[in-house]
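This report is written for a reader meeting the structure for the first time. Please keep the sequence and the model in view while reading the sections that follow.

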Amino acid sequence: MALGVDTHQRLARALSSTGPGAPAPVQAILTRRFEEIYAEHAPFTWRTLRHLGIAPDAIEDAMQELWVVVHRRHTQFEGRSDLRTWLFGIAVNVARNHRRSARRHPAPEPLPLTLAGEIPDPSGGEERAQATALVQGFLGTLDEQRQQVFVCTLLEGWSALETAQATGLDESTVQNRVRALRRAFKTWIERHRRKT
Amino acid sequence: MSIDNDPVVVEVLRRARAQAAPAASDLEGVLARVRSQIAAAPVVLHEVPEPDAPLARGGAGARVPGRGALQWTAELRRWSGTVLSLGIGFAIGVQYADHRSRPEVPLVSPSATLGAGDSLAMAPPAAPSEPMPLLEPRPEATSVPALPGRTSAPLDSAVSTPKAKRRSLAVPARSSSRTRATTAAPQEALSFAQVVERLEQAQRAERDLSPEVALRLLDELDAHADAAALRQERLATRVLAACDLGDVAAAQRAARELETVDPGSVYASRLGGSCIALKAADTSSVRSTR
């Protein structure tokens with residue numbers, strides 16, 4: 001059975017009052033809670049990290065970093081915001097750290113967008129790869145806050161309110177930016193199609 | 001059709017989402033790695049919460065820092081932030097004070113450089129029909145009274161003669177190294193703080209998807225500011241604005257210039273996703289198919 005946020009908070013408080021050497025049953029319950037959070041939200045954090053520019057070969061490291069932080073801090077999560085919003089904030093920080101370290105140790109040149117087209121893929125993987133390249137290319141032209149708005153609303157389908165909570169913007173700003181981003185993304189797609 | 005449900009956009013987004021989805025085995029692998037890392041470094045539950053601070057760096061083998069280390073890091077970060085802020089504030093203050101204290105000398109010193117037959121006058125004001133420049137106009141030089149018996153002509157025409165050009169360089173130097181560093185800059189160049197402000201305006205315009213405005217601001221900046229001030233940032237913004245406008249050739253020109261200025265520029269990765277990278281990818285794929 002999943003633990004509610006209230007139960008989780010009570011447990012966290014109990015742990016805080018007893019210190020790191022907390023009773024083993026409490027630790028076990030918190031571990032179970034962590035694994036429930038993981039099962040429910042890991043795919044979302046994976047997608048978010050990929051959308052925020054983490055390369056496929058670095059995604060597992062980034063996920064590990066993210067979930068170690070979640071494990072370390074989930075006892076402090078007070079339920080004042082949505083858990084997904086909280087996880088998104090951690091993902092943004094992890095992605096930022098990875099980008100920084102990637103700048104210090106640059107990866108080899110990325111493969112050209114059209115390379116995938118040379119090998120026909122019956123499962124539609126080629127189209128998905130092209131779509132990903134288009135989205136990644138577009139995200140690369142945006143500043144960090146717009147990237148976050150794009151990922152939350154257009155890729156993850158969040159409401160303007162949820163996106164506002166995750167990005168720290170107000171709701172109307174999010175709505176305006178989403179409209180502008182949609183227009184710009186459509187132009188981006190058309191321009192790329194004309195070229196190819 | 002509404003932009004909200006454009007089928008092309010919706011389909012591209014759907015495919016990108018599908019491509020980013022993880023396999024179950026990937027998630028299990030990550031969970032196993034997290035478990036082993038947690039087992040290796042037990043959780044500390046009483047550390048100082050830092051909701052807004054960037055997370056500790058590190059990949060697979062990253063160590064979970066203890067409470068003492070975190071407090072140390074937080075203290076160090078706080079102090080280094082304060083020192084850095086003071087330093088930046090001081091530098092901007094010095095720049096500003098320097099700009100303010102610059103004596104408003106005439107472009108041509110009458111006592112030192114005037115010769116017979118030369119004429120001096122202020123440039124005529126801009127015609128009212130001219131468009132308003134986006135930047136504030138440069139401060140006018142102090143007016144020089146026309147000498148008796150001399151004809152009144154615009155300063156531009158006076159400076160355009162070779163002789164007068166030589167004289168215009170005869171303005172006494174203010175200080176040694178500073179003057180040498182800014183010889184290439186136009187006279188009355190913008191201060192560094194102003195350059196930062198104008199560049200931010202241009203970047204804002206680019207982000208707000210108004211590339212024409214951004215390019216116009218950058219042009220004005222190029223005309224008024226020291227060529228070396230925030231050169232890379234200006235060029236990177238120009239590349240992005242030109243891409244937004246669909247002017248790939250101009251974007252590539254700016255990117256080449258950026259590469260010349262600093263081949264290992266930190267902006268190279270930011271520009272990797274722009275139209276210049278796409279163009280490069282297109283040409284390389286064309287070459288590979290030949």
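## Chain B in outline

The secondary structure of chain B amounts to 13 helices and zero strands, where helices (H or I, at least four residues) and strands (E, at least two) are DSSP runs numbered from the N terminus. Of the 290 residues in chain B, 30% count as buried, a word that here means under 20% relative accessible area, with exposed standing for over 50% and partly exposed for what lies in between (1.4 Å probe, protein chains only). Among contacts in chain B between residues at least 6 apart in sequence, 69% join residues at least 24 apart, a contact being heavy atoms within 4.5 Å.

## Basis of the model

This is a predicted model, in which local features need pLDDT of at least 70 and side-chain atom pairs count only at pLDDT 80 or more, while totals for chains, interfaces and linings use all residues. Residues are numbered from 1 along each chain as its sequence is written, chains are lettered from A and ligands numbered from 1 in the order in which they are written, and side-chain values use heavy atoms, with hydrogens and water left out.

## Chain A and its confidence

Chain A comes to eight helices and zero strands, and 51% of its 196 residues count as buried. Among its contacts between residues at least 6 apart in sequence, 64% join residues at least 24 apart.

The mean pLDDT of chain A is 80, and 75% of its residues reach 70 or more; pLDDT is the predictor's confidence in each residue, from 0 to 100. Among the elements of chain A, the lowest mean, 54, belongs to helix 1 (residues 5–18), and the highest, 92, to helix 6 (residues 144–155). Over residues 111–120 of chain A the pLDDT stays under 50, and for this stretch the model has 14 contacts beyond four places in sequence. Where pLDDT is low, the predicted coordinates should not be read in detail.

## The largest nonpolar core

A nonpolar core is a set of buried Ala, Val, Leu, Ile, Met, Phe, Trp, Tyr and Cys residues joined through side-chain atoms within 4.5 Å. The largest one has 60 residues, of which Leu49(A), Met63(A), Trp67(A), Val135(A), Phe150(A) and Phe185(A) touch the most other members. Helix 4 (residues 83–104) of chain A supplies the largest share of this core, nine residues. Domain 1 (1–111) and domain 2 (118–196) of chain A both give residues to this core, so it lies between them; the domain bounds come from an automatic or database domain assignment.

Leaving aside neighbours within four places in sequence, Phe185(A) is in contact with residues of both chains, including Val135(A) and Phe150(A) as well as Val9(B), Val12(B) and Leu13(B).

## Where two helices meet

Helix 5 (residues 125–140) of chain A packs against helix 1 (residues 7–20) of chain B at an angle of about 105°, with their axes 8 Å apart. That makes the two helices roughly perpendicular, a label for angles of 65 to 115 degrees, with those under 35 counted as roughly parallel, those over 145 as roughly antiparallel and the rest as oblique. The axes are lines fitted to C-alpha atoms, for helices over the stretch in contact, and angles run from 0 to 180 degrees between N-to-C directions. Among the residues that meet here are Leu134(A) and Val135(A) in helix 5 of chain A, and Val12(B) and Leu13(B) in helix 1 of chain B.

## Phe192 and Leu230 of chain B

Phe192(B) is found in helix 8 (residues 192–207) of chain B and, at 35% relative accessibility, counts as partly exposed. Leaving aside neighbours within four places in sequence, Phe192(B) is in contact with Gln95(B) and Leu230(B). The C-alpha atoms of Phe192(B) and Gln95(B) are separated by 6.6 Å, although the two are 97 residues apart along the chain.

Leu230(B) lies in the loop between helix 9 (211–224) and helix 10 (231–245) of chain B, and its phi is near 50°, a positive value in a residue other than glycine. Most residues other than glycine have a negative phi.
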